[in-house]
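Trainee: Please take one part of this model and look at it closely. Then set it against the rest of the chain.

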Amino acid sequence: MAKISVLMATYKERKEHLSLAIESILKQTYRDFEFIIILDNPDNFEHIELIKEYQRHDERIKFYINENNMGLPKTLNKGIKIASGQYLCRMDADDMSESYRLEKQLNYLCSNGYDLIGGLSTMIDEDGNTIYNIKSVPTDYKKIKKALKYNQVISHPTWFGKIEVFKSLNGYRMIPLCEDYDFTLRAVLKGYIVSNLNTNVLNYRMTKNSISRSNLYEQYLYMRYITNQYAKGQVAEISLAEKYVNQHTNHVKSEAYLRSNKYFNEMLHKLELKQYLYFCILGIKILFSSNDYLNKIYRLLRVSMYS
């Protein structure tokens with residue numbers, strides 16, 4: 001039995017990005033793993049050809065193709081059922097793991113008795129250029145439990161945990177746009193011990209589409225609902241979460257939230273470049289754009305208190 005199962009779903013990522021993602025796993029310093037790759041787009045023959053070529057040269061790759069598009073949560077749940085390792089590592093098809101990722105995350109999790117951990121990421125653009133770095137995340141379990149009331153603090157693409165956590169929770173629930181956050185909250189409420197390795201383990205690719213997704217405001221509303229329930233010590237009911245989002249969805253607020261999100265990501269990039277004047281100008285724009293996005297920033301500031 002492979003000690004670690006690396007789980008990656010693919011759909012329509014650029015071929016060169018997928019290739020870099022696969023190679024970043026195959027070149028890990030820790031070698032005892034199976035690499036489960038599931039294509040959720042049976043018509044993507046470019047992906048099929050590429051992955052099969054890698055599979056011919058590395059028997060650790062286990063390649064599956066969904067008969068129909070299932071969506072990410074269901075595809076990942078399929079992978080969890082297939083996994084034969086003691087530990088599961090999440091990987092996205094357009095990111096790049098550091099070569100030491102599996103080794104360091106396995107050592108950190110085992111030496112501290114954790115059940116599920118994440119790590120730091122460097123945010124990169126579509127061409128691989130650094131946008132900004134996540135410099136610190138909460139690591140103390142008690143602080144993380146508090147921080148989760150405000151925001152997801154265990155980055156989904158960096159997850160590494162015991163397979164029993166994923167199987168006992170029956171994987172991801174179909175709660176739109178917040179499946180990973182919902183999973184984390186359920187894991188903590190069930191008593192699993194979570195943490196973060198305060199080391200960069202991943203280059204996370206931010207595409208233009210991900211920054212400007214039209215459903216970002218809807219995602220914020222789901223986040224607001226499930227965290228309110230978590231603060232009460234309860235797991236959110238999916239039907240009630242959907243009802244809450246439908247009641248609060250507003251086109252004008254959605255557009256303002258989306259605009260503020262673009263400003264915010266530009267702000268972080270300007271801060272990374274030490275262009276403080278532009279940073280301040282963008283901050284002022286956010287002040288007059290979206291009260292909901294200001295609430296999100298407030299949540300992020302609350303999380304920073306626990307880092």
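Mentor: Start with helix α7, residues 179-189. Of its 11 residues, 10 are buried, so the helix is largely enclosed by the rest of the structure. Bear in mind that this is a predicted model.

Here is the buried set. Buried here means under 20% relative accessible area.

Now the surroundings. After α7 comes G191, with a positive phi near 105 degrees.

Next, the whole chain. It holds 13 helices and nine strands. Its radius of gyration is 19 Å, close to the 19 Å that the globule rule gives for 307 residues, so the chain is as compact as a globular protein of that length. The C-alpha trace spans about 55 × 40 × 40 Å along its principal axes. Of the 307 residues, 52% count as buried. Look at the contacts too. Among those between residues at least 6 apart in sequence, 79% join residues at least 24 apart.

Y293 sits in helix α13, residues 291-304. Y293 is buried, at a relative accessible area of 1%. Set aside its neighbours within four places in sequence. Y293 then contacts Y257, S260, N261, F264 and I286. Take N261 from that list. Y293 and N261 lie 32 residues apart in sequence, yet their C-alpha atoms are 7.5 Å apart in space.

Last, a helix pair. Two packed helices are described by the angle between their axes and the distance between the axes. For α1 (residues 15-26) and α2 (residues 45-57), the angle is about 25 degrees and the axes are 11 Å apart. Angles under 35 degrees count as roughly parallel, and α1 and α2 are therefore roughly parallel to each other. Their crossing is right-handed.

The contact itself can be listed. From α1 come K15, L18, S19, I22, E23 and L26. From α2 come E46, H47, L50, I51 and Y54. By class, this contact has six nonpolar, two polar and three charged residues. The spacing along each helix has a simple background. An α-helix has 3.6 residues a turn, so residues three or four places apart point the same way.

How values were computed:
Residues numbered from 1 in each chain as written. Predicted model: local features only at pLDDT ≥ 70, side-chain atom pairs only at ≥ 80, totals over all residues. Heavy atoms only, no water. Axes fitted to C-alpha atoms, helices over the stretch in contact; angles between N-to-C directions. Helix = DSSP H or I, 4+ residues; strand = E, 2+ residues; numbered from the N terminus. Parallel < 35°, antiparallel > 145°, perpendicular 65-115°, else oblique. Left-handed = near helix turned anticlockwise from the far one by under 90°. Contact = heavy atoms within 4.5 Å. Nonpolar A, V, L, I, M, F, W, Y, C, P; charged D, E, K, R; others polar. Buried < 20%, exposed > 50% of the residue type's maximum accessible area, 1.4 Å probe, protein only. Rg over C-alpha atoms; globule rule 2.2 N^0.38 Å.
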